[in-house]
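Please read it alongside the sequence and the model.

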Amino acid sequence: MRKLALLLATAASALAISSTGASAAGFMNGNFETGDFTGWEQGGGSWGGGAYPVANDYFPGGSEYEPSAIVNSITSAGFDSRTDGNLRTVYAGAHSARVNDPINDYSVSAIRQQVDNYSDNLIGFAYAAVLQDSHGVTDSDAFIIRLDDLTSGLNLLTVNVNSAATPASFTRSTQGWYYTDWTTYSFDVAGAGLLGHDFLLTLLANDCPYGGHAGYAYLDGFGGVIPPPGGGAVPEPATWAMMIIGFGAAGSVIRRRRGQMAVA
């Protein structure tokens, strides 16, 4: 009897160790409901021209990293005054993240999170961009999303949102700011056969390189499901500037949606 108990205890211990070693993960604090950036790494700096900011350059160890230039913040539920009070500052819950700020001073701000052994079927999140007037497609204030599969070394998604590339996708406020409604993105990890891979999601917002126009973005609801809206109806989808690099099949498993409609 004593031997049986010992065997059972040993088996239970081995199972616990095995389960811990094979643990899977999802996003930490993906909805920012802790009221801070727990789980996220922040970066920042400035941009004075040339190619669009490359996010890795603006994090610790990067050539453009300036910790004093980081102007990210956590927002509470309300409405953005630069959008004539039309855009909600939170998609769902009590908080969201705002990347960069409304001051036009060449600033670049970013956040990123790496998730190892990702176990959820989807990577989903919601965003809304608020930008001043643009110059051209290559030198405007913008919001840039990047999703990398670190296991395979592939860039699955790069999206540059700016009003010069797709002006019809924005609403212009009476204060001269261009803004989008809340938009959700989802990447079908299971459908792409990438369960268990390590992912890095990076989000960056930048002012224009001439010091004349600011840009920032709200982010919310990162996780394994498409986040449900918590603030009323969401308009129909519009055409967005999207470039998918390095993973040819990714387009079939990425969904962008407003409300209940999806665009492949």
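## The cavity

β10 gives the most to the lining of the largest cavity, with three residues. Strands here are DSSP runs of E of at least two residues, and helices are runs of H or I of at least four, both numbered from the N terminus. This is a predicted model, in which local features need pLDDT of at least 70 and side-chain atom pairs count only at pLDDT 80 or more, while totals for chains, interfaces and linings use all residues. Residues are numbered from 1 along each chain as its sequence is written, and side-chain values use heavy atoms, with hydrogens and water left out.

A search of the whole structure finds one cavity of 30 Å³ or more. A cavity is a set of points on a 1 Å grid over the protein atoms alone where a 1.4 Å probe fits but cannot get out; lining residues have an atom within 4 Å of a point. Grid points are joined across faces, edges and corners, and the volume is the space filled by probe spheres set on the points. For the largest cavity this volume is about 40 Å³.

## The lining

The residues lining the largest cavity are Ile 123, Phe 125, Leu 147, Leu 157, Tyr 185, Ser 186, Phe 187 and Leu 201. At least two lining residues come from each of β5 (122-131) and β10 (183-188). By class, seven of the lining residues are nonpolar, one is polar and none is charged. Nonpolar covers Ala, Val, Leu, Ile, Met, Phe, Trp, Tyr, Cys and Pro; charged covers Asp, Glu, Lys and Arg; the others, Gly among them, count as polar.

## Ala 69

Ala 69 sits in the loop between β1 (41-46) and β2 (73-76). Its relative accessible area is 18%, so Ala 69 counts as buried (under 20%, with a 1.4 Å probe and protein chains only). Leaving aside residues up to four places away in sequence, Ala 69 touches Gly 44, Gly 45, Val 108 and Ser 109, a contact being heavy atoms within 4.5 Å. Between the C-alpha atoms of Ala 69 and Asn 100, 31 residues apart along the chain, the separation is 9.4 Å.

## The whole chain

The chain has one helix and 15 strands. Of its 264 residues, 46% count as buried. Among contacts between residues at least 6 apart in sequence, 76% join residues at least 24 apart.

The average pLDDT (the predictor's confidence in each residue, from 0 to 100) is 81, and 77% of the residues score at least 70. Over residues 1-23 the pLDDT is below 50, and this stretch has two contacts beyond near neighbours in sequence. Residues 231-254 also have a pLDDT below 50, with 69 such contacts in the model.

Definitions and conventions. On a 1 Å grid over the protein atoms alone, a cavity is a set of points where a 1.4 Å probe fits but cannot get out, and a pocket is an open set with protein on both sides within 12 Å along at least five of seven lines; lining residues have an atom within 4 Å of a point. Buried means under 20% relative accessible area, exposed over 50%, partly exposed in between (1.4 Å probe, protein chains only).
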